[in-house]
Amino acid sequence: MVKSIYGVEEESKIILVYIEHTKGKIENVSLEMLSKGRELADQTGWELKGLVVGYDVDSLATAVLENGADGVILANHWLLENFTVDAYSHVVYSILLDLKPSIFLLGATANGRDLAGRLAVRLRTGLNADCTDLNINLDTGVLVCEVSGFGSGILAMIEAPIHRPQMATVRPGVFSIQENRLARSGEVYAYKVELNKDQIQTRIIEQIIAEEVDLTSVPVLVAGGRGVSGNFEALYRLAELLGGEVGATRPPVDDGYIERERQIGQTGVVCSPQLAICCGISGAFHFVVGIEKADIVISINSDPDAPIFEFSDYCVVGNVDSVLPALEEVLLANKEVVYG
Amino acid sequence: MGELHIVVCVKIVPKPEEIRVDPETRLLNREGVRSEINPPDMNALEMALKLKDEFGARLDILSMGPPSFEPHLRAALAMGCDHIYLLSDHAFAGADTLATTYTLAKGIEKISGVDIVFLGEESSDGATGQVPPGLAEWLNISQLTLITDVNVDLNQWVVQGRREIKGGYEILEVPIPCAISVKTAANEPRFMDFSRKDWAFDKGSITIWNASDLCVEKEYIGLPGSPTIVSDLAEASVRERKNIFIKGDADEIARQLANIIQSVI
């Protein structure tokens, strides 16, 4: 059988979380993994460490400790200012060989997946992608990853019992961030990065990062499917009225009616709003997983047999085009009564 | 530099819209389900075909699976590809990402002289997106992932790609050879060229390689080459919902909905 570069007998009982950050801010998925990692570390008595790679990133160490880590490893270098998979995989690989963590977690983001995919091959180890839950078998120390299969209600538990590190990418939004934790007095270790320009083949010609929409933590989600026929205006008005955001199923995204970052579900965002309002959505399973964490689901669909109603608390058989304007009117009128 | 040599990696998957979940057992019912080229791979194929249109190129398909995949792959010949390589051996079965990327890499090495490898963003039945970077790593070449648009500079021998990232995009440049994963729905895949159809399905050239043809190391393929094991399958717990139907005319429905909404938020 294929052997990993380091094995079980050489591992350290460490859960290492890769901390992704943009413009000086830590990505939510990294904080979510720290919260889950803390829980696993407390169960096993292992150490939880955060790994921050970048340039001028010292200031992020405190936030990593405040979110539950026992220690932080900083890899600072001017050639790491922007993510390139060449430079980042080189640095993270050498840190992994020094530290030999039992578990290494990354967010299932564009860069997280790039990095994880290359490192798993370089380390000759297993990689569980886009995990929706993580557990450690307390008898064996083996990480059990939950992965949801094929747009369906099937969950697979996958493990890599004899290869190290046990790698997984975690889907954004599946774990919640435990806030108001006392900062742990962990060690901040500055890793000595050895990197030169010749090791980087990728050139960044241009980079545009606009204001991003983060649907994972919105209080109200107004989502539209094929049934809104590409007309999202009424949904945006309703979302604004309720202090929420607009999301969509895959077809309107594929058809270019709405940005891909607003896609909800298995290949999109998993949200946990207090309220989700589904407009003209049939209810395919790969969408429904994206709203399963919603406290209350309201659905409006003209087809009385639409599967979405099974996944809804309040169901309206009707046309979105007539229900939404009427609803908007009532909400506006009620608002005037309160504030008028 | 000679002619550009492109390989598109293609997976044959069951059609997602034909897969049903048995409501009782909650298991996938694959009975009578037809197969197709993984839809994201069609976007990779289209991007490669556009480069062939622009520069002229040798364009090959590489796939892994049983010989029964052959007719599905022939559709790619009819779209404009030149040759098919199918890696087929019982010893390849049960491969996870590590073993799959290793086997594909050995296939690309055996094809030899490949400049650009195109792949879909992810497979519709696995959806891990980990094959493109893994393959690039085995081949020790650069990668561009989630690319929506590509430019090849044959003088500088580099590729520029527009990569989708959270909240925006970036333009990246890497040297050739490289692996490129194409963002799903980045383009509109073309139909089969009917003038190529007879050739594609009758004569069109296809090469099938087994494990010994590829000179693979046995412990790197199939189950032995796969560190991950599925230890358990479970039903996804479906959250209980109230399923209350609200009836009445639009105004009455709106009034009730507003009350519900205002009690929730």
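## A strand pair across two chains

In strand β11 of chain B, E173(B) is the bridge partner of R203(A). The strands around this bridge are β13(A) and β11(B), residues 168-175, which pair in the antiparallel sense over 6 bridges. Two strands count as paired if DSSP finds at least two bridges between them. Strands are DSSP runs of E with at least two residues, helices are runs of H or I with at least four, and both are numbered from the N terminus.

This is a predicted model, in which local features need pLDDT of at least 70 and side-chain atom pairs count only at pLDDT 80 or more, while totals for chains, interfaces and linings use all residues. Residues are numbered from 1 along each chain as its sequence is written, and chains are lettered from A and ligands numbered from 1 in the order in which they are written.

## Where chain A meets chain B

How many residues does each chain bring to the contact? Chain A gives 79 residues and chain B gives 72 residues, where contact means that two C-beta atoms, placed from the backbone, lie within 7 Å. Several elements of chain A supply at least two residues each, among them α4 (110-123), β13 (203-209) and α8 (320-339). The most comes from α4(A), with 9 residues.

Sorted by class, the side of chain A that touches chain B holds 41 nonpolar, 20 polar and 18 charged residues. Here Ala, Val, Leu, Ile, Met, Phe, Trp, Tyr, Cys and Pro are nonpolar, Asp, Glu, Lys and Arg are charged, and the others, Gly among them, are polar.

Now for an open sheet of 6 strands, in the order β15(A)-β14(A)-β16(A)-β17(A)-β18(A)-β15(B), with parallel pairing. β15(A) and β15(B) stand at the edges with a single partner strand each, so one side of each has no neighbour in the sheet. Within the sheet, β14(A) (residues 220-224) and β15(A) (residues 245-248) are joined by 4 bridges, and G224(A) has A248(A) as its bridge partner.

α5(A) touches β14, β15 and β16 of chain A, and its direction makes about 175° with that of β14(A). From the other chain, α7(B) (residues 250-264) lies across β16, β17 and β18 of chain A, at about 160° to β17(A). Axes are lines fitted to C-alpha atoms, for helices over the stretch in contact, and angles run from 0 to 180 degrees between N-to-C directions.

## A closer look at L275(A)

L275(A) is found in strand β16 of chain A, residues 275-279. Is L275(A) buried or exposed? It counts as buried because it has 22 C-beta neighbours inside 10 Å; the cut-off is 20 or more other C-beta atoms within 10 Å for buried, 12 or fewer for exposed, and partly exposed in between, with C-beta atoms placed from the backbone.

Leaving out residues up to four places away in sequence, L275(A) touches residues of both chains, including V220(A), A294(A), I261(B) and V264(B). L275(A) and A294(A) are 19 residues apart in sequence, with their C-alpha atoms 6.0 Å apart.

## Two domains in chain A

Chain A is assigned domain 1 (8-199) and domain 2 (215-339), with bounds from an automatic or database domain assignment. Their C-alpha centres lie 33 Å apart, and 9 residues of domain 1 are in contact with 11 residues of domain 2.
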